[in-house]
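Subject: Structure handover

Hello,

The structure is placed below for your use. My notes on it follow.

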Amino acid sequence: MPHPTNTRAVTAAVMMATFLTALDITVVGTAMPTIIGALGGLALYSWVFSSYLLTSTTTVPVYGRLADMYGRKPVFIFGALLFLGGSALCGASTNMEQLILFRAIQGLGAGAVLPVSITVIGDIYSVQQRARVQGLLSAVWGISAIVGPAAGGLIVDHVGWRWVFYVNLPFGILSILLFILFLQERIAHQRRSIDYLGAVTLTVAVSLLMVGLLELGESGNGLPVSSLGMLIAAVLLLALFLWHETRTAEPLLPITLFSNRVVSVSNGANFLLGATLMGFDSYVPPFVQGVLGGTAVSAGATLAPMSIGWPIGSTLSGRLILRHGYRPVVLLGTGLILAGSLLMVVVGGGTSQPFIMAAMVVTGLGMGFGATSFLVAVQSSVGWGERGVATASVQFFRSIGSAIGVAIMGAIMNDGLSQGLRSVYGGGNSAAAAVSSASVILDPTARASLPPGTLEAIRVAFASSLHSVFLSIAVVSAIGLALAFLFPRVRAEVQTQSKSSKF
């Protein structure tokens with residue numbers, strides 16, 4: 001007779017998985033400018049994030065469905081092992097192409113780790129407890145994210161960038177062991193199928209969309225026929241995916257879920273939250289290093305305050321949700337995100353790091369209020385049999401927003417750099433070559449060897465291109481606030497449905 005689930009131990013395992021995920025995002029984001037400075041390939045910068053986001057995004061619904069069919073534990077263990085294998089390969093990579101490939105492998109595992117972990121919390125806690133525990137998890141996320149940028153900077157500056165990937169291994173192994181030992185499930189297995197056709201169609205559609213956007217940004221002149229063809233094909237495949245999902249017996253992403261207004265608004269908002277979050281994670285560090293002349297440590301320290309505000313907002317949101325319902329907290333969160341984004345629009349070459357840090361705190365508070373409210377609302381609106389795929393849908397839309405957002409922002413940055421660097425490298429150079437040559441500004445040693453005039457010209461072009469990126473983030477945040485007004489007026493107790501325990 002198996003022992004019942006040890007709630008505290010499983011919560012600790014989930015906290016370790018959350019720590020693992022947050023550490024990967026913040027450490028890699030902080031290290032990337034240094035990696036690019038050492039390896040070159042600034043034109044490929046966004047692909048290091050995009051390859052990871054692509055695979056982690058399109059696999060989330062598959063893992064969510066598998067978790068509903070076969071239980072949370074085996075799906076989590078498989079994903080975590082794949083993630084750790086990808087992390088080890090990333091640390092061993094010798095060029096940008098290998099790093100991008102291994103990040104894709106890492107993402108294949110990451111698609112299971114965080115959404116399944118969050119689903120487990122929805123399984124073992126009531127809605128009243130769930131809001132508070134999600135706040136605790138956000139606090140863990142915040143602590144790890146605070147440690148991550150500083151640790152990442154120290155690792156890069158004193159040990160080497162490869163170790164920012166190896167650091168995932170001990171935390172991942174510990175989390176797997178806790179899941180194996182202390183999570184017990186009673187699963188009523190049913191004959192169900194996985195929508196592999198939907199998964200392939202979605203993956204190809206998103207891949208074409210991202211490649212088309214990135215190529216568009218690298219062209220620097222007009223709309224290439226190949227980019228236009230890929231974008232049109234992506235739209236057609238996305239339409240085909242939606243058509244297929246309405247007709248298959250076991251859809252990858254059940255369209256019926258979106259008849260629930262809580263689910264539809266929350267997922268739309270999470271798409272925009274993902275683009276905003278990944279935009280700042282990806283482009284604040286190169287701004288600090290390339291425009292302000294900072295190091296990996298200072299870049300991490302500038303980004304870290306967002307991870308301070310997040311757990312504070314998330315912890316407070318748990319109490320506010322139970323007292324006032326979801327909608328006021330959702331509006332507060334998305335409003336703060338817009339405020340932080342607008343602060344970043346005004347940054348420039350003379351901006352101080354404390355100003356950017358203040359903007360990150362405001363944005364982090366908004367993320368804490370908004371993301372937690374959306375997640376708890378979705379989990380509380382469905383039963384056990386749909387909670388895995390419903391939770392996965394939240395993670396899916398946030399990740400797809402991150403993937404598409406970072407691709408668009410990468411295109412914006414590359415286009416701005418190629419235009420701004422014409423005066424430095426001449427109009428005869430290709431846009432991609434000009435952007436790649438600007439990688440030197442992210443390497444402190446190489447940067448010091450540049451003639452003052454060349455250094456200033458590159459710095460100005462970098463600042464201008466990143467200003468366009470921050471402006472695009474503000475636009476996305478404004479749309480997110482507008483969407484939040486569509487969230488239904490419902491209290492947590494009213495929304496919660498009766499659910500049967502599986503533990």
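Is Arg 459 buried, partly exposed or exposed? Arg 459 counts as partly exposed, because its relative accessibility is 23% (buried is under 20% relative accessible area, exposed is over 50%, and partly exposed is in between, with a 1.4 Å probe and protein chains only).

Before the rest, the ground rules. This is a predicted model, in which local features need pLDDT of at least 70 and side-chain atom pairs count only at pLDDT 80 or more, while totals for chains, interfaces and linings use all residues. Residues are numbered from 1 along each chain as its sequence is written, and side-chain values use heavy atoms, with hydrogens and water left out.

Confidence

The mean pLDDT of the chain is 78, with 80% of its residues at 70 or more (pLDDT is the predictor's confidence in each residue, from 0 to 100). Helix α14 (residues 326-345) has the highest confidence, at 93, and helix α21 (residues 492-495) the lowest, at a mean of 49. The pLDDT is below 50 over residues 494-503, a stretch that has 29 contacts in the model beyond near neighbours in sequence (contact means heavy atoms within 4.5 Å).

Overall make-up

The chain has 21 helices and zero strands (these are DSSP runs numbered from the N terminus: helices are H or I with at least four residues, strands are E with at least two). Of its 503 residues, 60% count as buried. Its accessible surface comes to about 18,100 Å², and carbon and sulfur atoms account for 69% of that (areas are from the Shrake-Rupley method with a 1.4 Å probe; for residues, only the protein chains shown count as cover).

Cores

The largest nonpolar core has 127 residues (a nonpolar core is a set of buried Ala, Val, Leu, Ile, Met, Phe, Trp, Tyr and Cys residues joined through side-chain atoms within 4.5 Å). The members that touch the most others are Phe 76, Tyr 283, Val 284, Met 344, Met 360, Leu 466 and Phe 470. Leaving out residues up to four places away in sequence, Val 284 touches Gly 279, Thr 302, Leu 303, Met 344, Ile 356, Met 360 and Phe 470. Another core, of nine residues, lies apart from it and includes Ile 118, Val 263, Val 378 and Ala 390.

The salt bridge

One salt bridge turns up in a search of the whole structure (a side-chain nitrogen of Lys or Arg within 4 Å of a carboxyl oxygen of Asp or Glu). It joins Glu 456 to Arg 459, with the closest N and O atoms 3.2 Å apart. Both residues lie in helix α20 (residues 452-484), three residues apart, or about one turn of the helix. An α-helix has 3.6 residues a turn, so residues three or four places apart point the same way. Glu 456 is partly exposed, at 36% relative accessibility. Leu 471 is also found in helix α20 and is partly exposed, at 40%. Its C-alpha atom is 8.9 Å from that of Val 346, 125 residues away along the chain.

Helix α8

Asn 168 and Leu 181 are both in helix α8 (residues 168-182). Asn 168 is buried, at a relative accessible area of 0%, and touches Leu 20, Asp 24, Phe 83, Leu 84, Ser 87 and Gln 106, not counting residues up to four places away in sequence. Leu 181 is exposed, at 54%. Together with Ile 173, Leu 177 and Ile 180, Leu 181 makes a nonpolar surface patch of about 370 Å² (patch residues have over 30% relative accessible area and no salt bridge; like charges are joined within 9 Å, nonpolar side chains of Val, Leu, Ile, Met, Phe, Trp and Tyr within 5 Å).

Tyr 52 is in helix α2 (residues 45-58) and is buried, at 9% relative accessibility. Its contacts beyond four places in sequence include Asp 24, Phe 83, Arg 103 and Ala 110. Ala 110, in helix α5 (residues 96-124), is buried at 13% and touches Ser 56, Phe 83 and Pro 115, among others.

In helix α3 (residues 60-70), nine of the 11 residues are buried, among them Tyr 63, Arg 65 and Asp 68. Gly 71 follows α3 and has a positive phi, near 105 degrees.

Regards
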